[in-house]
Amino acid sequence: MHGRNWIGFGLLCGLFMGCQNDPSTEPATWSSKSNSVLASDLRNPELRHYQPVHGSTNLTVSRDAALEILLQAMDSENPLLRANAIEALHGNPRVLVPAVLQGLTDENRGVRFVAAMTVGKQQIFEVASHLEPLLNDHSDSVRAAAIYAMERCHKEVDLSPLANMLLGDNPEVRANVALIFGELGNPSAVPILILATRRPLSR
């Protein structure tokens, strides 16, 4: 599992669900790359101004146009677009940091999860101090992502809550934490991962 696309993993587990408008009840947006905006989605009035960049032979112009689209997406009402934007900005550290900072306080727990995972995967050390509030997040998945990111950024953090989450009854949380253990790549996690696979899910 280590090194795999953590977005695709969530999809293969069947845990991706569409985002709702109510931030207290919406299903999480663990995934975005495999659910990026399709051409047919552009018929949606909200998404119509996010047009694909094409037809330009000037790479600088194309990159600037694409970057502008991603920055606009960060302010979209659609949390899937916000999560997409954070992931798509991985190759641009200059704008990734403010995007991640915005994502860490997003009302949607899926966006917060993506932002925290990004901090860990990209080892954005200057953002690590902003992760501490997420250790008390109401979403276990977000808390797990914050623990992962702090560990990756060499911040002192207690990893033990991950084991309890992995052995819990929530399939969403269990899959996300299994993914995080894989990303950490610690062989000592193998026994608890095996134990988790033997525990039945309540739903």
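In which loop is the place of H154? H154 is found in the loop between α6 and α7, where helices (H or I, at least four residues) and strands (E, at least two) are DSSP runs, numbered from the N terminus. The model is a predicted one, in which local features need pLDDT of at least 70 and side-chain atom pairs count only at pLDDT 80 or more, while totals for chains, interfaces and linings use all residues. Residues are numbered from 1 along each chain as its sequence is written, and side-chain values use heavy atoms, with hydrogens and water left out.

The secondary structure of the protein consists of nine helices and zero strands. Of the 203 residues in the protein, 44% are buried; buried means under 20% relative accessible area, exposed over 50%, and partly exposed in between (1.4 Å probe, protein chains only). Contact means heavy atoms within 4.5 Å. Among contacts between residues at least 6 apart in sequence, 60% join residues at least 24 apart.

The interior may be considered next. In soluble globular proteins, nonpolar side chains tend to be buried together. A nonpolar core is a set of buried Ala, Val, Leu, Ile, Met, Phe, Trp, Tyr and Cys residues joined through side-chain atoms within 4.5 Å. The largest such core here has 44 residues, of which V100, L104, V119, L131, L162 and V177 touch the most other members. Two or more residues each are given to this core by α2 (59–73), α3 (79–88), α4 (93–104), α5 (109–122), α6 (140–152), α7 (160–166) and α8 (171–184). The largest share, eight residues, comes from α6. Apart from its neighbours within four places in sequence, V177 is in contact with A144, L162, M165 and L166.

One helix pair can be followed in detail. The axes of α5 and α8, lines fitted to C-alpha atoms over the stretch in contact, with angles running from 0 to 180 degrees between N-to-C directions, come within 12 Å and cross at roughly 10 degrees. Angles under 35 degrees count as roughly parallel, and α5 and α8 are therefore roughly parallel to each other. In this pairing, R109, F113, M117 and K121 of α5 meet E172, N176, I180 and E183 of α8.

Two loop residues complete the account. Most residues other than glycine have a negative phi. Q123, in the loop between α5 and α6, is not a glycine, yet has a positive phi of about 50 degrees; at 28% relative accessibility, Q123 is partly exposed. H154 likewise is not a glycine and has a positive phi, of about 65 degrees, and at 64% relative accessibility H154 counts as exposed.

Methods:
Parallel < 35°, antiparallel > 145°, perpendicular 65-115°, else oblique.
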